[in-house]
Amino acid sequence: MTSHPLQTLKQLCVSSVALGAWLLALSATADSSELPKGHFLLPEEGNMVGQVYTITATEEDTLLDIAKAHNVGYEEIRMANPDTSLWVPGEGTEVTIPGQFILPDEARTGIVINVAELRLYYYPEVEAGETPRVETYPIGIGRDAYNTPLGITETTMRLENPAWYPPESIRREAAERGDPAPAVVPPGADNPLGKYAILLDIPGYLIHGTNQPDGIGMRASRGCIRMHPEDIESVFWRVPVGTQVNIIDSPIKVGWSESGTNYIQAFTATDEQAFGMDMLLNVVGLIEQHEGGNSSSVDYEQVREVLEQANGQIVPLS
């Protein structure tokens, strides 16, 4: 989605009252190890946070309802529960929540977005003596032909209640359908940017909310990064202008727990290319590196199977 460069919305300052209340709540919960969903203290050893757990569906639940309540996206909940109905899981059905994450193998600073994983990681700055933290949120990204651009950029502006100016491509497509798009969509329920937008130093690209939250966890946008309305609101006031944003495409992640157990996780590559022998050898090399060069501990067949399935599940390496 694109925000018009000449719109007259002013950039708002951080609300000291709201921010102070949030930090106070975070401080209190951090002491009791009861951080908000998706918020974790960084481990002293290893590169994994969170855990997989199950919940019991009620009669009214859909998998999308459950996903939203537990900080996971569409593809994540679907792949974790492949045999469960998306719309009617059924009262009493056990639903797996994929709430464990391997942190991206990137500098833990600012925002890291892994498009293959459909997930954003935010490493907020902490005061001296505080334990470093990470927050992670499901996102929507660009669909085919509108891939979200990769690389390192930064945030440039925060806009509350932004107007949306449909780009020429959208207006042209709408006109061809006989349903002309307006030149501008004002703030409100029909605005696809939602209530909050963070502009990036890539012309035309933003991290923003949405008026269609069911699309979170899917490749459905025209390149922008979409977040659940409550998620973008949570980070909006706390991400300073000039924060680094590192957009990566890492469909394969290797992890190890604090106890030293190795794990592997694979997602469908955004270019939909199959993982070949070179990729298998690269992954095995990463595992061997962590094992101190011990190749005998790596089960090549198990690694190959995980890469072939590419279902996003974190698998311990035997």
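Two strands are counted as paired if DSSP finds at least two bridges between them. With that in mind, I turn to the structure above, which is a predicted model.

Three strands form an open sheet in the order 16-17-18, and their pairing is antiparallel. Between strand 16 and strand 17, the latter spanning residues 262-266, the antiparallel pairing extends over five bridges. As one example, Ile252 has Ala266 of strand 17 as its bridge partner.

Helix 6, residues 277-290, packs on this sheet and touches strand 16 and strand 17. The direction of helix 6 makes about 15° with that of strand 16. Helix 7, residues 300-309, lies across strand 16, strand 17 and strand 18, and runs at about 30° to strand 17.

How many cavities of 30 Å³ or more does a search of the whole structure find? The search finds one. The largest cavity holds about 40 Å³ of space. Its lining consists of Ile111, Leu120, Tyr122, Ile198, Ile207, Met227, Ile232, Val235 and Val239. Strand 7, residues 119-123, and helix 5, residues 229-236, each contribute at least two residues to that lining. Which classes of residue make up the lining of the largest cavity? Nine residues are nonpolar, with no polar and no charged residues.

Note on methods:
Residues numbered from 1 in each chain as written. Predicted model: local features only at pLDDT ≥ 70, side-chain atom pairs only at ≥ 80, totals over all residues. Heavy atoms only, no water. 1 Å grid on protein atoms, 1.4 Å probe; cavity = no way out; pocket = protein on both sides within 12 Å on 5 of 7 lines; lining within 4 Å. Points joined across faces, edges and corners; volume = space filled by probe spheres on them. Helix = DSSP H or I, 4+ residues; strand = E, 2+ residues; numbered from the N terminus. Nonpolar A, V, L, I, M, F, W, Y, C, P; charged D, E, K, R; others polar. Contact = heavy atoms within 4.5 Å. Axes fitted to C-alpha atoms, helices over the stretch in contact; angles between N-to-C directions.
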